[in-house]
Amino acid sequence: MNYTTLCFDFGNSRLKCGVFTNDSFKEEVVLPNDDTATIAKLIETYKPQKAILSSVINHNPEIESLLSAKTSFHKVSHLTKINFTTPVGKPETIGADRLALVAAAAHFYPGKNNLVIGLGSCITYNFINQYNQFLGGAISPGTQMRFKSMHDHTAKLPLIEKDWNFPVIAYDTKTNLQSGVLAGISFEIDGFIDFYASRYGNFNVVLTGGDAVYFAQRLKNKIFADFNFIYKGLYALSETNND
């Protein structure tokens, strides 16, 4: 018998939901807001049996009651049953999105040293070793945050939109900003990959997030680009935590 699972990913920039039929990812839905009416419409459309929520924002708490009433529901937290260990000082401080990404790595690439790079409002580097231990990683500003920060904290630098046809050796203010942010992130990602690769064999890298398709083409290192990786991690956590 087929069943549907809704995997909600509430980030700082967008509210999204991945729809699964059994264990197959079907589609992504971008939500306009977290109103109960929006979630109710989603439930009416897909008639899910299960739901899971990863949120790094102060979302509308009423949607949790709605999802609990209509589905077998789980909210990701440090109390979530996970398929890896977290030998860090304060596991309760690990973001729900990072838990989902690491869960996906442990599920799809077991026995490997995995670096999962999530491209969002911030860029997260999440390292889980071949013994299924999540050791941490790094967090740095994402693309839009870098553009906005240079505009907000200077008197004259403009706020520009990303344009992937930028020259690395830039020739005016706009292209200098493009190169500084976009080429800078590419070099940063390659640098972190080189760092981990020099210390760990049997090494695997997954790049995910909204801009993964663009950065994947610019990296010198070999990586796997999986745009739905966080949804796959949330689905795996849902199967473990939703009876």
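A salt bridge is a side-chain nitrogen of Lys or Arg within 4 Å of a carboxyl oxygen of Asp or Glu. Hi everyone, let's start from that idea.

Before going on, a word about what we are looking at. This is a predicted model, where local features need pLDDT of at least 70, side-chain atom pairs count only at pLDDT 80 or more, and totals for chains, interfaces and linings use all residues. Residues are numbered from 1 along each chain as its sequence is written, and side-chain values use heavy atoms, leaving out hydrogens and water.

Back to our pair. Lys148 and Asp152 are separated by about one helical turn, because they sit four residues apart in helix H4. Helices (H or I, at least four residues) and strands (E, at least two) are DSSP runs, numbered from the N terminus. Are these two buried or exposed, or something in between? Lys148 is partly exposed, as its relative accessible area is 45%, and Asp152 also counts as partly exposed, at 42%. For the cut-offs, buried means under 20% relative accessible area, exposed means over 50%, and partly exposed lies in between (1.4 Å probe, protein chains only).

How many salt bridges does the structure hold? There are eight. Among them is one between Glu64 and Lys75, at 3.3 Å from N to O. That pair links distant parts of the chain, eleven residues apart: Glu64 is in helix H2 (residues 62-70) and Lys75 in strand E5 (residues 72-75). Lys75 is partly exposed, because its relative accessibility is 36%. Another salt bridge joins Lys16 to Asp9, with 3.3 Å between the closest N and O atoms, and here both partners are buried.

Which element gives the largest share of the lining? Strand E8 does, with four residues.

Now two asparagines. Asn126 is in strand E7, and it is buried, with a relative accessible area of 0%. Its side chain makes a polar contact of 2.5 Å with the side chain of Arg98 and another, of 3.0 Å, with that of Thr124. A polar contact is a pair of N or O atoms within 3.5 Å; within protein, one must be able to donate a hydrogen and the other to accept it, and residues adjacent in sequence count only if both atoms are side-chain atoms.

Asn241 is in helix H7 and counts as buried, because its relative accessibility is 13%. A polar atom of the Asn241 side chain lies 2.8 Å from the backbone oxygen of Leu237. Leaving aside residues up to four places away in sequence, Asn241 touches His74, Thr80 and Lys81, where contact means heavy atoms within 4.5 Å.
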